[in-house]
Amino acid sequence: MQAPARSISLAVLLNRSRSKISSFRAFSSSPSSSHHSNQSRGGLPRFYSEILPSSKGSVVRVNGDEFWHMTRVLRLNVNDRVELFDGNGSLVEGCIQDIDQSGLNFVALENPKSVSPLETQWHVFAAFGTLKGGRADWLVEKCTELGAHSITPLLTERSPLVSGNRVERLLRVSLAAAKQCQRLHKMNFNSPMKVTELLPHVKTSTLSFIALAEAMPVFSALNSRRKESTGLLIVGPEGDFTEEERKMIVEAGATPVGLGPQRLRVETATVALLATLMFWSDDRLV
């Protein structure tokens with residue numbers, strides 16, 4: 001099943017300027033270090049760039065948020081080695097060639113490497129627009145780390161909107177999580193979708209699961225299914241779906257599954273169901 005097409009680009013967000021903050025120098029170039037030496041601990045720092053150098057020796061410009069992170073947060077300098085990835089599976093190692101007030105030039109020390117996407121592709125539809133206190137951030141971060149292929153904010157009667165400013169923040173959270181967990185293919189963040197817009201995706205998907213209280217335990221549902229590496233998982237808002245919403249989604253073809261006897265928060269249910277399906281799919285691929 002293909003992810004919804006209305007994804008939101010990271011490129012525009014990454015070119016916006018950021019305000020100054022106090023910072024410390026995490027990586028440095030010392031006079032005694034060799035040219036292009038790796039100054040980091042635990043591997044090279046990795047940054048996002050929509051465009052990568054085409055070959056060894058090629059140069060690309062880095063500005064916006066990633067430039068700010070490199071020079072103001074990590075205090076990287078000329079000749080420090082870093083990695084750039086494009087979120088589509090390509091990665092290249094290189095170093096900072098020069099820095100000015102508006103950005104820096106990155107020179108590739110090798111040809112770009114490409115990695116194919118995972119076969120396991122689960123698409124998350126969750127009604128997290130009304131979550132407060134960083135809970136939506138946590139949900140998006142963990143979905144990125146676990147390997148969700150895409151995430152779509154679901155608009156329901158009890159969670160009817162997601163502000164544009166919040167979407168921008170969640171995109172940043174997802175990108176930071178991708179860099180931290182060394183994920184080369186970014187998680188697609190789709191535009192918010194109403195329940196009625198979700199139904200065609202459920203109808204055309206091989207597998208769709210909806211988390212509902214008192215439904216069949218998820219492991220029982222999976223044991224009765226032929227294992228697949230792709231599908232949809234659907235989680236409702238605080239207060240759950242309305243009866244009409246549940247009926248529409250189930251009639252479209254989603255299988256109700258339960259996640260235990262306790263009432264779970266939206267973010268807990270989403271991560272628990274995604275982790276279960278990812279492990280189930282990975283077992284199929286072993």
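Student: In which hand does H3 pass H4 in their crossing?

Tutor: This is a predicted model. H3 covers residues 135-146 and H4 covers residues 164-180. Their axes lie 8 Å apart, at an angle of about 35 degrees. The crossing of H3 past H4 is right-handed.

Student: How many residues of the contact of H3 with H4 are charged?

Tutor: On the H3 side, the contact includes Asp137, Glu141 and Glu145. The contact divides into six nonpolar and three polar residues, and the charged ones number five.

Student: Which residues of H7 make the contact with H5?

Tutor: H5 passes H7 in a right-handed crossing. H5 contributes Val195, Leu198, Leu199 and Val202. The contact as a whole has six nonpolar residues, no polar and one charged. From H7 come Glu245, Met248 and Ile249.

Student: What volume does the largest pocket have?

Tutor: The largest pocket is lined by 22 residues. Those closest to its centre are Ala213, Asp240, Gln262, Arg263 and Leu264. The volume is about 550 Å³.

Student: How many nonpolar residues are in the lining of the largest pocket?

Tutor: Sort the lining by class. Five residues are polar and six are charged. The nonpolar residues number 11.

Note on methods:
Residues numbered from 1 in each chain as written. Predicted model: local features only at pLDDT ≥ 70, side-chain atom pairs only at ≥ 80, totals over all residues. Heavy atoms only, no water. Left-handed = near helix turned anticlockwise from the far one by under 90°. Helix = DSSP H or I, 4+ residues; strand = E, 2+ residues; numbered from the N terminus. Contact = heavy atoms within 4.5 Å. Nonpolar A, V, L, I, M, F, W, Y, C, P; charged D, E, K, R; others polar. 1 Å grid on protein atoms, 1.4 Å probe; cavity = no way out; pocket = protein on both sides within 12 Å on 5 of 7 lines; lining within 4 Å. Points joined across faces, edges and corners; volume = space filled by probe spheres on them. Axes fitted to C-alpha atoms, helices over the stretch in contact; angles between N-to-C directions.
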